[in-house]
Amino acid sequence: MKKVYKISLIVMLLIGILGISSMAGLYYWASRDLPGFKNITDYSPPLVTTVYTHDSKVLGYFYKEKRFLVRIDEMTPFLPKAFLAAEDASFYEHDGVDFSAISRAFVANLRTGGIRQGGSTVTQQIIKRLLLTPEKSYKRKIKEAILAFRLEHYLEKDEILTIYLNQIYLGAGAYGVEAAARIYFAKHVSDLSIAESALLAGLPQAPSRYDPYKHPEKARARQLYVLGQMYAQGWIGKDEYNNAVDEPLVYKSMEDPSWQAGPYYLEEVRRWLIDKYGEETVYNGGLNVVTACDLKHQIAADDAVRNGLESSTRRRGWRGPLAELAPTQYAKFLNSEVIPFSDLRPGKWVKVLVTKVSKKEALVKFGKYSAKMPVTSMKWCREPNIRKAPEDVRPVKDATKILKTGNVVWAKLTKAFFKDGSEVNFNQVDPDTPELGDLNWLVDLVQRPVVQGGLVSMDPRSGEVKAMVGGYSFHASQFNRVTQAKRQPGSAFKPIVYSTAMDNGFTTASILMDAPFVYTDMVAGKLWKPQNFEGVFYGPTLLRTALVKSRNLVTIRLAQKMGVNKIIERAKVMGLDGDFPADLSVALGSGSVTLLNMVEAYSAFARGGSRIKPRLVLSVNSPWGEQMYESIPEVHDAISPQTAYIMCSLLKEVVQHGTGWRARALGRPLAGKTGTTNNEQDAWYMGFSPYLLTGVFVGFDQLTPMGKYETGSRAASPIWVNYRKKIETDYPYMDFPQPDGVVMAKVDASSGLLAGPGSTKTFFLPFKEGTQPTKVAGGAGDDSEGGGSSSEDLFKQTF
């Protein structure tokens with residue numbers, strides 16, 4: 001008996017040794033090529049870069065994986081519990097491996113004859129996702145278990161769970177629980193209910209199979225399982241369980257603001273970030289970027305540019321239909337143009353099919369709806385002719401001359417009517433209403449602009465760019481006309497010229513001759529005969545009047561007297577970065593610059609002499625809150641405070657009595673200058689106050705005439721005014737402060753001398769102290785002492 005006992009003991013010892021050796025060998029075999037796990041502790045998953053406005057509203061996101069990093073203490077406490085109930089209920093009890101779960105999985109797999117079920121803990125799932133391949137093999141499971149055990153002794157439990165909840169893929173492009181909460185419930189994780197938390201916790205097993213948008217019944221069944229597990233673990237009470245089961249689930253995605261309001265602004269920020277940090281960091285680094293953008297300004301600017309360019313295209317006339325369909329093609333078109341009712345609101349543009357045309361109206365269809373298009377909405381549809389302005393042509397009064405059956409055109413929805421003829425009040429219609437039955441619509445004929453434009457608005461005190469619009473449609477063209485298009489500013493450049501004059505012996509009361517001018521270029525063998533826009537010559541003219549009325553010939557003579565090199569030097573001192581021709585044409589804005597660059601130059605006027613660099617990005621932080629970049633205003637001296645004030649005063653006169661007259665509608669002290677190049681190819685308006693500087697440009701991308709009278713005053717300044725009307729009252733009433741060294745004097749309009757008893761027209765003008773006229777006007781023929789031009793000098797200017 002003892003012998004049997006000894007033999008049994010030896011056999012058991014040998015089996016034990018063999019088992020231990022086998023386990024050791026298995027451990028060595030599985031662990032010899034294990035990856036390092038400590039890099040998990042420096043968890044840096046691909047994260048969404050978020051771009052904010054100056055007041056913390058989201059402007060847009062950049063990402064490859066839609067993941068937002070959140071801590072456990074930022075989540076509702078039920079969310080981690082829901083995931084543990086579904087995936088690893090004993091998470092806080094095991095050391096990374098749950099042997100009871102592995103045993104259950106092993107038995108289940110033996111029954112099915114394959115690897116159908118896993119016993120992975122949360123820790124093992126992290127190891128699999130971050131360090132190992134997803135293959136289903138026992139070797140991989142052993143490696144997973146070894147690494148999980150090691151990781152559990154390196155990190156705290158909450159740290160491991162935080163990594164898991166931020167790393168897990170939950171379907172629909174959502175990585176991590178915060179992204180999933182936004183995509184499925186339009187909420188943040190801190191606001192999720194128990195029912196919603198359980199729904200998300202049911203997704204990791206098979207995100208596509210349990211997708212609540214595609215398979216709501218399966219998602220619901222999985223949610224009920226998770227709720228049952230939470231109740232069984234005692235993590236929720238009976239009432240909480242019952243309430244969660246009864247809670248209706250409303251699936252709704254949080255709207256992504258990216259590329260909606262301010263897409264050109266967002267794109268400019270994206271380019272800046274990539275230049276500074278690289279594409280990998282921008283799309284995976286989870287940066288928090290604060291910009292100077294103000295959404296109220298940006299939305300107002302977007303609307304103003306869009307409406308202004310649409311008005312511009314109407315003034316040029318009707319380009320024709322988008323397509324002409326045969327009757328056999330009607331059904332296919334109508335079936336392809338189905339638009340959700342929630343999108344059908346007044347102001348919406350739709351493609352419509354013309355089904356019948358009479359003199360007074362056209363009948364059209366889109367989707368299942370019918371509409372009337374009155375001829376009154378076609379008044380603008382003249383035949384395009386750049387030599388004729390809209391006022392030169394009679395408005396269209398016969399719709400049959402514009403449209404015919406089978407035409408496909410753009411239409412703008414204006415009103416909708418029920419069958420009884422009553423008008424639909426969309427302010428009282430729930431946005432989620434699926435349908436209102438058969439409606440009849442009233443629409444206007446419209447066409448998309450080909451002409452482009454841009455607007456940029458900056459606070460000249462800080463350099464913060466409040467709004468930027470680089471074109472009519474970002475989705476059609478990402479080319480930014482604010483930062484990338486170099487165009488001739490025309491007369492918008494003249495304030496640079498006149499500011500140079502104020503520092504080179506001229507005053508606001510200096511007189512130059514407005515008379516024919518011929519310039520011979522001996523090298524090129526060309527004659528240049530510039531003219532005023534009106535084609536009229538006005539004789540002796542005050543510099544004040546020459547700028548206010550934008551007289552080209554006076555400006556050229558002024559440049560000739562000073563020399564173009566001084567003007568070019570002044571332009572560069574004011575920050576303009578362009579190729580300026582070293583001839584007299586530079587005075588009329590023949591050098592090409594960007595709109596943003598012009599805003600920087602004009603900031604010297606608005607700021608009282610110094611110019612400031614425009615700033616879009618104010619700060620950049622890492623996802624952990626570490627500051628990576630902070631913008632500091634970049635200010636440079638440009639002109640004297642006295643010269644800046646004199647120019648502001650003159651440019652205020654442009655608004656009150658010149659081509660900037662539309663800005664008077666704001667009832668504020670505003671300065672501005674229009675600009676128009678040859679053949680109306682470029683139209684500008686630069687307008688500012690002490691608190692806001694806004695520039696507008698309009699023109700075709702290819703140098704093409706926009707048409708008769710498409711000037712800065714008609715094409716650009718209405719955009720400026722429409723934008724500023726929406727934001728102006730957010731600022732207090734403020735005028736430009738008068739610096740020391742400036743005096744005001746009442747001047748005779750005809751002579752430039754101090755106004756006398758016989759002066760019929762006078763101006764109250766600013767002067768640098770000591771340069772104001774001292775002689776009083778006594779009547780016709782007075783020489784303008786201090787004005788810079790005697791009668792003899794004026795006579796010589798004519799020839």
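1. Aromatic cluster. In this predicted model, one aromatic cluster is formed by F62, W259, Y264, Y283 and F474. Across the structure there are 27 aromatic pairs.

2. Y61 and F68. One of the pairs joins Y61 and F68, whose ring centres are 5.4 Å apart. Their planes meet at 75°, so the pair is classed as edge-to-face, because an angle over 60 degrees counts as such. Y61 has a relative accessibility of 9% and therefore counts as buried. F68, at 7% relative accessibility, counts as buried as well. The cut-off for both calls is under 20%.

3. Y602 and F688. The rings of Y602 and F688 have their centres 6.1 Å apart, and with their planes at 75° this pair is also edge-to-face. Y602 belongs to helix 19, which covers residues 595-606, while F688 belongs to strand 23, residues 683-688. The pair therefore ties together parts of the chain that are 86 residues apart in sequence. Both Y602 and F688 are buried.

4. Arginine over F68. The ring of F68, already noted for its edge-to-face pair with Y61, also has R182 lying over its face. The distance from R182 to the ring centre of F68 is 3.7 Å. F68 thus takes part in an aromatic pair and has an arginine over its ring.

5. Arginine over W410. R448 lies over the face of W410, and the distance to the ring centre is 4.3 Å.

Technical notes: Residues are numbered from 1 along each chain as its sequence is written. This is a predicted model: local features need pLDDT of at least 70, side-chain atom pairs count only at pLDDT 80 or more; totals for chains, interfaces and linings use all residues. Side-chain values use heavy atoms; hydrogens and water are left out. Rings of Phe, Tyr and Trp (its six-membered ring) pair if their centres lie within 6.5 Å; planes under 30 degrees apart count as stacked, over 60 as edge-to-face and the rest as tilted. Buried means under 20% relative accessible area, exposed over 50%, partly exposed in between (1.4 Å probe, protein chains only). Helices (H or I, at least four residues) and strands (E, at least two) are DSSP runs, numbered from the N terminus. A charge sits over a ring if NZ of Lys or CZ of Arg is within 6 Å of the ring centre and within 35 degrees of the ring normal.
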